[in-house]
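Visitor: I am new to this structure. Please take me through some of its helices, one question at a time.

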Amino acid sequence: EKGGFDWFMRKEIHEQPQAVADTLLGRFDADRRLTLDEVRISEAELRTIDKIVIVACGTAFYAGLVAKYAIEHWTRVPCEVEIASEFRYRDPIITGRTLVVTISQSGETADTLMAVRHAREQGAKVIAICNTNGSTIPRESDAVLYTHAGPEIGVASTKGFMTQVAACYLLGLYLAQVRGTKYGDEIATIMRELESMPAKIQKVLDAQQQVLDLAAELVDSKTVLFLGRHVGYPVALEGALKLKEIAYLHAEGFPAGELKHGPIALVEQDLPVFVIVPPQGRDQLHDKVVSNIQEVRARGARTIVLVEEGDHEVEPYADVLIRLPQASTLLQPLLATVPLQVFACELATLLGHDADQPRNLAKSVTVE
Ligand code: M6R
């Protein structure tokens with residue numbers, strides 16, 4: 001049942017190229033226009049939307065943070081992302097022109113379900129991004145966009161996250177198309193790049209031995225930091241959450257630009273610091289992140305740098321280089337997340353923990 005893998009989690013990590021491909025499949029009509037059949041909210045209504053609020057928990061919340069960057073960039077509609085358990089208790093500003101997007105692998109998370117109910121009571125339209133057919137959240141929503149990850153058994157979400165990110169890109173592009181933003185014309189190009197991602201994810205998996213060896217080297221770590229900027233920031237948060245969940249290791253993710261405002265005080269000799277570097281040249285943040293790597297290294301950190309192929313600038317400051325295939329900035333999370341998942345799974349294994357059933361956690365949290 002685990003297909004020769006020791007854990008469902010490891011199997012699910014390896015299923016990611018297929019899961020992402022399946023989530024993207026069949027979204028074009030004959031005229032190469034994006035169609036999201038399940039999104040039963042009229043185009044006229046989607047044109048009146050003046051705010052998008054994404055609501056989710058845990059890893060799905062991080063997928064929502066990635067989505068914010070893409071959705072705002074492509075649609076120019078303001079997009080907020082909120083932790084579901086915080087949402088309805090603060091009297092959020094929701095109107096009939098708000099589009100609420102929930103993200104939930106299980107479709108049964110109580111915090112997210114309560115947010116759906118609250119949003120609909122305020123007159124908002126709700127689209128559920130969900131992996132489980134017929135589950136409660138899509139049933140109670142106005143529309144659903146299914147991810148096609150297949151069943152996810154490991155408590156730590158992996159292919160769930162990757163397909164949520166892919167579905168969010170689809171939703172963002174669809175809204176750009178419907179609303180006719182300038183990115184509406186680039187949809188076919190962006191979709192082509194999206195469709196090339198499964199093969200690139202496979203390339204990252206094919207190179208995982210290096211990450212397995214790294215886990216063995218870092219098995220005695222007490223704390224691990226993850227740094228990123230822009231969409232690399234939610235990837236950093238996700239990398240840290242995976243370590244907490246299954247390796248029971250203290251880990252934090254920070255926006256790299258915040259380092260100097262406090263967290264850099266944590267850096268000491270040999271502290272492992274993972275850094276996700278934005279694509280070179282095409283991205284203004286690249287050089288700033290390279291300086292962040294220098295700053296932590298100067299203070300003794302052991303730097304583990306995730307960087308695209310062909311970027312040689314970081315080499316002098318990296319103790320370990322993890323190479324990623326090239327991708328545009330917005331799509332890089334689909335690649336950069338993968339080594340972090342592999343690292344957490346391997347570390348949990350080496351520490352003798354059950355990677356599929358971590359202590360104190362349940363696969364779906366059906367209480368508020
Ligand atoms: O089923 P959901 O996507 O609604 O679950 C949300 C979170 O509980 C979930 O992502 C949790 O954070 C995972 N265990 C993360 O690996």
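Visitor: Which residues of H12 are buried, and on which side or sides of H12 do they lie?
Guide: In this predicted model, the buried residues of H12 are Leu 285, His 286, Val 289, Val 290, Asn 292, Ile 293 and Val 296. Around the axis they cover an arc of only 155°, so they lie on the same side of H12.

Visitor: Which strands do the buried residues of H12 pack against?
Guide: Packing is a matter of contact, with heavy atoms within 4.5 Å. For the buried residues of H12, the partners are strand E6 (223-228), strand E8 (272-276) and strand E9 (302-308).

Visitor: How far apart are the end C-alpha atoms of H13?
Guide: H13 has 18 residues, and at 1.5 Å a residue these should span 26 Å. The model agrees with this expectation, because the end C-alpha atoms of H13 are apart by 26 Å.

Visitor: How many of the residues of H13 are buried?
Guide: H13 is mostly covered. Of its 18 residues, the number buried is 16.

Visitor: How are H8 and H13 oriented, roughly parallel or roughly antiparallel?
Guide: Helix H8 (residues 159-179) packs with helix H13 (residues 333-350) at an angle of about 170°, and their axes are 10 Å apart. Angles over 145 degrees count as roughly antiparallel. Therefore H8 is, relative to H13, roughly antiparallel.

Visitor: How many residues of the contact of H8 with H13 are nonpolar?
Guide: H8 contributes Phe 161, Met 162, Val 165 and Tyr 169, while H13 contributes Pro 333, Leu 334, Thr 337, Val 338 and Gln 341. Among these contact residues, 2 are polar and no charged residue is present; the nonpolar ones number 7.

Technical notes:
Residues numbered from 1 in each chain as written. Predicted model: local features only at pLDDT ≥ 70, side-chain atom pairs only at ≥ 80, totals over all residues. Heavy atoms only, no water. Axes fitted to C-alpha atoms, helices over the stretch in contact; angles between N-to-C directions. Helix = DSSP H or I, 4+ residues; strand = E, 2+ residues; numbered from the N terminus. Parallel < 35°, antiparallel > 145°, perpendicular 65-115°, else oblique. Nonpolar A, V, L, I, M, F, W, Y, C, P; charged D, E, K, R; others polar. Buried < 20%, exposed > 50% of the residue type's maximum accessible area, 1.4 Å probe, protein only. Arc of directions from axis to C-beta. Expected span 1.5 Å × (residues − 1).
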